[in-house]
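Let's take a look at how this chain is held together. Here are the sequence and the model.

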Amino acid sequence: MNDRELMEAAFAARKNAYAPYSHFQVGAALLAEDGTVYTGCNIENSSYGATLCAERAAFAQAVGQGARRFRALAVAGGPEGGATVETPPCGICRQVIAEFCGPDFPVLLAASPERISRYTLGQLLPEAFTQASMDPGKAFP
């Protein structure tokens, strides 16, 4: 699967977003190592803390079905009924991505499936807190 196909899956997932409060719809498509694509959309809640981001929804679906290794994530977001914009994952989502993926993991963002920007998780979340961070012998630089 190429970047454009993965991004198109994110745009399709965005159509299912439930965003009655922010009216900002986000879709995500997560490519597993075996080639399976897991999608998610944001699901808002009147208790804002209970809102689920598209990226975490995609990871929850993948992990719930046994996937643990991933090749790329595509994210598409924008105002309801409006044009999409490059929508990077929030901090919580970046931390969830870091639980399963290394700093070279590609995160694709796009305002359209034809104009894709590629970032690495390391660019989006430098010095991520990971399992290795809990090693008492590891000193933070």
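## Arg 4 and its partners

Arg 4 is partly exposed, at 39% relative accessibility (buried is under 20% relative accessible area, exposed over 50%, partly exposed in between, with a 1.4 Å probe and protein chains only). Its side chain meets that of Glu 114 in a salt bridge, 3.0 Å from N to O (a side-chain nitrogen of Lys or Arg within 4 Å of a carboxyl oxygen of Asp or Glu). Arg 4 sits in helix α1 and Glu 114 in the loop between β4 and β5, so the bridge ties together parts 110 residues apart in sequence. Glu 114 itself is exposed, at 52%.

This is a predicted model, where local features need pLDDT of at least 70 and side-chain atom pairs pLDDT 80 or more, while totals for chains, interfaces and linings use all residues. Residues are numbered from 1 along each chain as its sequence is written, and side-chain values use heavy atoms, leaving out hydrogens and water.

The whole structure has four salt bridges. One of them joins Asp 3 and Arg 118 at 2.7 Å, N to O. That pair links helix α1 (residues 3-14) with strand β5 (residues 115-120) (helices are DSSP runs of H or I, at least four residues, and strands of E, at least two, numbered from the N terminus).

Glu 33 also bridges to Arg 69, with the closest N and O atoms 3.2 Å apart. Here, Glu 33 is partly exposed at 42%, whereas Arg 69 counts as exposed at 56%.
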